[in-house]
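Thanks for asking me to take a look at this one. Could you keep the model open beside you while you read?

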Amino acid sequence: MAETSKHALSKFDKYKRPIVTKILLVTLFWSAENFHQEFYKKFSSVRYKKMERVRQQCLAMQHSQQRKYEQV
């Protein structure tokens, strides 16, 4: 399933470089503690919205820096 998804993404030409993520067989899986499960549902939506806003700002900054270097 993961290999199929990776192959499908590579056909879209969305990324300039090839996808190089290694896909390995699962050996051992550790579940997160209950505290971390569905974190966004357990805590106030205001807190989650703040975290999401910061995430969006970071992504925008990365995107603008990437465009800056592509122009050079």
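Here are my notes, point by point.

1. Ground rules. This is a predicted model, in which local features need pLDDT of at least 70 and side-chain atom pairs count only at pLDDT 80 or more, while totals for chains, interfaces and linings use all residues. Residues are numbered from 1 along each chain as its sequence is written, and side-chain values use heavy atoms, with hydrogens and water left out.

2. Fold elements. The protein has three helices and zero strands, and the order from the N terminus is α-α-α. Helices (H or I, at least four residues) and strands (E, at least two) are DSSP runs, numbered from the N terminus. Helix α1 covers 2–11 and α2 covers 39–42, with a loop between them; helix α3 takes in residues 45–71.

3. Overall dimensions. The radius of gyration is 18 Å, whereas a compact globule of 72 residues would have one near 11 Å. That radius is taken over C-alpha atoms, and the globule rule is 2.2 Å times the number of residues to the power 0.38. Along the principal axes, the C-alpha atoms fill a box of roughly 45 × 35 × 15 Å.

4. Burial and surface. How many of the 72 residues count as buried? The share is 0%, where buried means under 20% relative accessible area, exposed over 50%, and partly exposed in between (1.4 Å probe, protein chains only). The protein exposes about 7,700 Å², and carbon and sulfur atoms supply 59% of that area. Accessible areas come from the Shrake-Rupley method with a 1.4 Å probe; for residues, only the protein chains shown count as cover.

5. The nonpolar patch. On the surface, L9, F12 and Y15 form a nonpolar patch with about 340 Å² of accessible area together. Patch members have over 30% relative accessible area and no salt bridge; like charges are joined within 9 Å, and nonpolar side chains (Val, Leu, Ile, Met, Phe, Trp, Tyr) within 5 Å. L9 sits in helix α1 and counts as partly exposed because its relative accessibility is 36%. F12 belongs to the loop between α1 and α2, and its 63% relative accessibility is why F12 counts as exposed.

6. Leucines and distances. L24 also lies in the loop between α1 and α2; its relative accessible area is 69%, so L24 is exposed. From L24 to F35 there are 11 residues along the chain and 28 Å between C-alpha atoms. L9 and L28, 19 residues apart along the chain, have C-alpha atoms separated by 27 Å. L59, in helix α3, is 50 residues from L9 in sequence and 20 Å away in space, C-alpha to C-alpha. At 37% relative accessibility, L59 is partly exposed.

7. Charges. Side chains of opposite charge can pair when their charged atoms come close. Which residue forms a salt bridge with E52? The partner is R55, with the closest N and O atoms 3.3 Å apart, and the structure holds one salt bridge (a side-chain nitrogen of Lys or Arg within 4 Å of a carboxyl oxygen of Asp or Glu). Both E52 and R55 lie in helix α3, three residues apart, about one turn of the helix. E52 is partly exposed at 27% relative accessibility, and R55 is partly exposed at 45%.
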